[in-house]
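This report covers selected residues, side-chain pairs and chain interfaces of the structure shown below.

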There are 4 protein chains.
Amino acid sequence: MASLKIAVAGASGYAGGEVLRLLLAHPEVEIGALTAGSNAGSALGTHHPHLTPLAGRVLSDTTPEVLAGHDVVFLGLPHGASAVVAAELGDDVLVVDCGADFRLSDPADWTAFYGGEHAGTWPYGLPELPGQRDRLVGTRRIAAPGCFPTVSTLSILPAVAEGLVEPEVVVVAATGTSGAGKSLKPHLLGSEVMGQASVYGVGGVHRHTPEIEQNLRLAGAADARVSFTPVLAPMSRGILATVSAPLAAGADGDAVRAAYEKAYADEPFVHLLPEGQWPQTKAVLGSNCVHVQVAVDSRVSRVVAVGAIDNLTKGTAGTAIQSMNVALGLPETLGLPVVGVAP
Amino acid sequence: MASLKIAVAGASGYAGGEVLRLLLAHPEVEIGALTAGSNAGSALGTHHPHLTPLAGRVLSDTTPEVLAGHDVVFLGLPHGASAVVAAELGDDVLVVDCGADFRLSDPADWTAFYGGEHAGTWPYGLPELPGQRDRLVGTRRIAAPGCFPTVSTLSILPAVAEGLVEPEVVVVAATGTSGAGKSLKPHLLGSEVMGQASVYGVGGVHRHTPEIEQNLRLAGAADARVSFTPVLAPMSRGILATVSAPLAAGADGDAVRAAYEKAYADEPFVHLLPEGQWPQTKAVLGSNCVHVQVAVDSRVSRVVAVGAIDNLTKGTAGTAIQSMNVALGLPETLGLPVVGVAP
Amino acid sequence: MASLKIAVAGASGYAGGEVLRLLLAHPEVEIGALTAGSNAGSALGTHHPHLTPLAGRVLSDTTPEVLAGHDVVFLGLPHGASAVVAAELGDDVLVVDCGADFRLSDPADWTAFYGGEHAGTWPYGLPELPGQRDRLVGTRRIAAPGCFPTVSTLSILPAVAEGLVEPEVVVVAATGTSGAGKSLKPHLLGSEVMGQASVYGVGGVHRHTPEIEQNLRLAGAADARVSFTPVLAPMSRGILATVSAPLAAGADGDAVRAAYEKAYADEPFVHLLPEGQWPQTKAVLGSNCVHVQVAVDSRVSRVVAVGAIDNLTKGTAGTAIQSMNVALGLPETLGLPVVGVAP
Amino acid sequence: MASLKIAVAGASGYAGGEVLRLLLAHPEVEIGALTAGSNAGSALGTHHPHLTPLAGRVLSDTTPEVLAGHDVVFLGLPHGASAVVAAELGDDVLVVDCGADFRLSDPADWTAFYGGEHAGTWPYGLPELPGQRDRLVGTRRIAAPGCFPTVSTLSILPAVAEGLVEPEVVVVAATGTSGAGKSLKPHLLGSEVMGQASVYGVGGVHRHTPEIEQNLRLAGAADARVSFTPVLAPMSRGILATVSAPLAAGADGDAVRAAYEKAYADEPFVHLLPEGQWPQTKAVLGSNCVHVQVAVDSRVSRVVAVGAIDNLTKGTAGTAIQSMNVALGLPETLGLPVVGVAP
């Protein structure tokens, strides 16, 4: 097929940069317009010196004219900005939003956690969810999932889907700082974060909470409730999620293991580790993989699952491109790395 | 009073080094014998270049003769080695064990989690536990607590003691690597741990699990059950523990806050943060403080508490010296830092 | 003596925070007014959660009224702001400026490297410089040195002072990010600096260059020339300076070693390491020590010296308090830590 | 063409792991035998969990039988072990040694820096050296360069080759810890290296010194002398080298800039940054690129150049594969990433 011409709006941010890093290795892609907000007019290389082949490209303003004429447009914009931009793009253009605006299906959840009016709901870009792959085929609007929901959901999904846990799920997830984007806030300075672990959004207020619950409902747990605590760890990339829930009556370790093996046997990006080996974030750094392991703690009758992803790759840009591949009928894994950069 | 003459066995390790760092600032102390295992014969400064005033001191073998003639002996030895050394020291010598050998009161717990025969039980060096301060006065044997149990216990203690939670406790705690000591294992190499989060001891097998349960039983929860998952974070020092449990019937956020305020109002080393501010590990780095915060997540009816300590200070050597102060009738806070080194 | 009442202007910044951390352990000090710029009105604990005993103190505006009535005022202000504040303080008040405004003696150097008009020259707070200790006694104005100049100077000083090197000095110094303060700049974000080494101010343009040269001239090298390159390393604190210069004709390794031993035998904060042991920054983290080592590379006839400091302690706040002690006739080492926090 | 069948000896180490990471993305390669020393018998995934597609492969012993039947064999073995293994492989097999055994051409250099007898000299795998690309075509033995020599040489090469500097070169290079391999040494533990900068091999004793000099002699500086100091920085990957030398009489900044532009205009992996932008290691993390910048410090008449590489990629495995491509007549850039993984 001919190359897809792709624009990236918000190219100077971390999500935009990661989309570009991956697209540079995608065989069916031609990189078109690169736009930014206040960084318009500067060279991409001053923001992303790692994107050597594009270093000299100058960022344009994010306007309908600049974004016109592309087959695919990726949006890496602040919350609330995507709807306006998307409205100007034709229905035949595939728009992939890396932000949160179109992820939630319940307007009440939106208002409770984000405030303001709900912009709408787009097909959710997590092909590993039950039935979701089919829903993405042919779509021209994709809401890429949040990073925490992706890894939290995939860590516990098989147990929830098979009814092996009571859906009272506790998630504590350590994340690298790039998940917060390039926001210039004191607590994100290197001097603050290096050598330090801290928490934020504790007590059920983090915006990814309803998104995880929505995913678990899709998996069959109509009454899923999630206690979610994000931990800021001193690393740039990566999320390690510890996800536990009470073992359901009658379930046991063998049934849990079997459910995970069945669920992920054919998933190209989800890798259930051999028993006894636990996920670590650098194993998936820069890759689109999820590494998962699970155990049953019989002393306390809980299932404890752990998942690792790169928050910028499988957590944002990688899953966005994976969903693009599905939407456009390309091989789902095309151009996406499965090998992490370690040590 | 005259100075206490103090020996440190296992001085080349991290626990021993931290004991010495703190003792160098203690006004009632004279540092006597320093011993080691395979490092005997070398200068302390080659192992702990930060201990500048002691850099030229040569390490002796750990023998009864070398340890004789001291008022206090700190043990920073491998598991299983403390009993033999302690047996050679007189009953009038205060022996503070930084290892695990004498922490557990239930031999069955010991055998289940450590294997082999239980060496016995010494007074447990966590003065903040209900009634524990009194039990330490005058003792000549102290078992310093484990690092995870200290922070996990103190994070949830007021809620447990007041019956505000059901004692089905989920702990996920991110720790710096120094908690593993100087073990030469591949997964502890800098190349592996930097930029990485990983888990270990998942599924109820970590040895600190029964110690946390024992503490919660002491606090009144006869049937406490703990699901504990340690996360290895890319930092040298610090533990950040996220501890949650179901809110008890009839309890609410005000009751929880009040319980914490009451419990810690007079504790010199436990600092309940102002509402809305959450613990971070560098705030207590190198100090004997615990920073604690708590919230009630009403959506899922859980209490979520977070605590931060320095695993080597309040988590090991600081609490050991604090307990020494109590045992010997010195002011409890003598010589112990309350200010962390940040950023 | 009665306590000194001390104010800190710029208390929410890193320099101000470190001054306070050290003053909290100083036995002759009462902490008075704490002021800030845009952070006035907020609690100190929101900016420096590690300063637990002062966490509830509210920051005032930096005005003459607030700063009046103190024995000592420390200034941790942006470049150019100190002169105005100092002018309002009486000649009997000891003013210690942690900024650069009064360090350089040559107005031409000032204009070349900082631009604008030279504010003047205050006694330079590096007591280890030849003759400098005496010049500080009794003064009521002190310019605390820059962090790079302190470690660079003390690393090569004995060799320069004894004429054992040609004063064509090459300095490459790796620094932690806290040296840049709390500036909200993208390249200082944790996501950028973690896992990364970078350079800045290359090619003779860094403002600490003339200050190092000034120090070496004071040490007797009238024509000292310095090539200085700072490297940003992924750590919060610490500077490791590699300083080399051609061996002077007739000099050799023994003469160099002897010069260092003689120069630093009686310096309380400069520690010449045993031969074969090289400085590392964590050995001095949080302490006022400088660790130094030197070797002669006979293949290329160069002296190579290495020094390590904590940029916030001996590099800023520690040397400021050390100089305060000297100025006020207190014991020079009073209240200052010599033991680092490691590992 | 048909796939090349490739074996990797020493596959559980960092060099071997990086060769495999890159080969997995190389379109003309089939991965054959994987061997190890003491790790033989274990699964590759336990040592390199990031190599997901090969995780289940079991490591064999390093024997001639196992290595037979491959087109290319990469050696990632301890110093001194490569000669024996290579001797058993046929002359038609391309052997690429990632170790040091065959890099130096002068046996006296070998004996002085490595001790013992010189094993010989193989074509040196740095195609960017003058004339070197041609010397690699068709060879069946390649000595991959050391990581420090690669970045140090390429940083100053154009200035040396054009005679724009006096070849009295001072190199100070900050390196990530993976350059030391998986050696289980206390100073390489995460607890030690995180938050810390240190030096080693100071004073002309580091083994990469004669290799840099050899390269500069190849570039035309018959009497090159190098003062080299490696700095251990708290990161896993990356080297940032600061390389300076006195400006030659008659040379100036324009001439220097022109020399760099000319030298690197057609080099696929060497990227001279736009003026004013300086290298940073994460921009090349995981890529085979070298980022270079240069300035003239006219105050002290020195050329100061800075280069950044990933020590495992362009510093070891990437340059090895690049040289393999050249030797076998494949496109030089085949399968090699030019985009780093950042932030």
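At 11% relative accessibility, A:Cys147 counts as buried (buried means under 20% relative accessible area, exposed over 50%, partly exposed in between, with a 1.4 Å probe and protein chains only). The model is predicted: local features need pLDDT of at least 70, side-chain atom pairs count only at pLDDT 80 or more, and totals for chains, interfaces and linings use all residues. Residues are numbered from 1 along each chain as its sequence is written, chains are lettered from A and ligands numbered from 1 in the order in which they are written, and side-chain values use heavy atoms, with hydrogens and water left out.

**Annotated sites in chain A**

The UniProt record, an unreviewed entry, annotates A:Cys147 as "active site"; UniProt positions are given in the numbering used here, feature names are shortened, and annotations may be inferred rather than shown by experiment. A:Cys147 is part of helix α7 (residues 147–161) of chain A. Helices (H or I, at least four residues) and strands (E, at least two) are DSSP runs, numbered from the N terminus. Apart from neighbours within four places in sequence, A:Cys147 contacts A:His208, A:Ile239, A:Ile309, A:Asn311 and A:Gly315, where contact means heavy atoms within 4.5 Å.

Helix α5 (residues 107–113) of chain A holds A:Asp109, which is buried at a relative accessible area of 16%. Not counting residues up to four places away in sequence, A:Asp109 touches A:Leu104, A:Tyr114, A:Pro210 and A:Arg217.

**Salt bridges**

Side chains of opposite charge can pair when their charged atoms come close. A salt bridge here is a side-chain nitrogen of Lys or Arg within 4 Å of a carboxyl oxygen of Asp or Glu. By this rule there are 52 salt bridges over all chains. Some of them are listed below.

| Pair | N to O distance |
|---|---|
| A:Glu168 and A:Arg225 | 2.9 Å |
| D:Glu128 and D:Lys314 | 2.9 Å |
| D:Glu261 and D:Arg257 | 3.3 Å |
| A:Glu213 and B:Arg299 | 2.6 Å |
| D:Glu213 and C:Arg299 | 2.6 Å |

A:Glu168 and A:Arg225 form a salt bridge that links distant parts of the chain: A:Glu168 is in strand β7 and A:Arg225 in strand β9 of chain A, 57 residues apart. A:Glu168 is partly exposed, with a relative accessible area of 31%, and A:Arg225 is partly exposed at 29%.

D:Glu128 and D:Lys314 are paired in a salt bridge across 186 residues, with D:Glu128 in the loop between α5 (107–113) and α6 (132–136) of chain D and D:Lys314 in helix α11. Both D:Glu128 and D:Lys314 are buried, D:Lys314 with a relative accessible area of 0%. Helix α11 of chain D spans residues 313–328. The side chain of D:Lys314 also makes a polar contact with the side chain of D:Gln322 (2.8 Å). A polar contact is a pair of N or O atoms within 3.5 Å; within protein, one must be able to donate a hydrogen and the other to accept it, and residues adjacent in sequence count only if both atoms are side-chain atoms.

D:Glu261 and D:Arg257 are separated by about one helical turn because they are four residues apart in helix α10 (residues 253–264) of chain D. D:Glu261 is partly exposed at 42% relative accessibility, whereas D:Arg257 is buried at 12%.

**Interfaces**

In the interface of chain A and chain B, 41 residues of chain A are in contact with 41 residues of chain B. The buried area is about 3,500 Å², of which carbon and sulfur atoms give 59%; buried area is the accessible area (1.4 Å probe) that two parts lose on being put together, summed over both. In chain A, A:Ala197, A:Lys282 and A:Arg299 lose the most area to chain B, together 16% of what that side buries. The rule finds two salt bridges and 18 residue pairs in polar contact (both at pLDDT 80 or more) across this interface.

Between chain C and chain D, 41 residues of chain C are in contact with 41 residues of chain D. The area buried there is about 3,500 Å², and the count of salt bridges is two.
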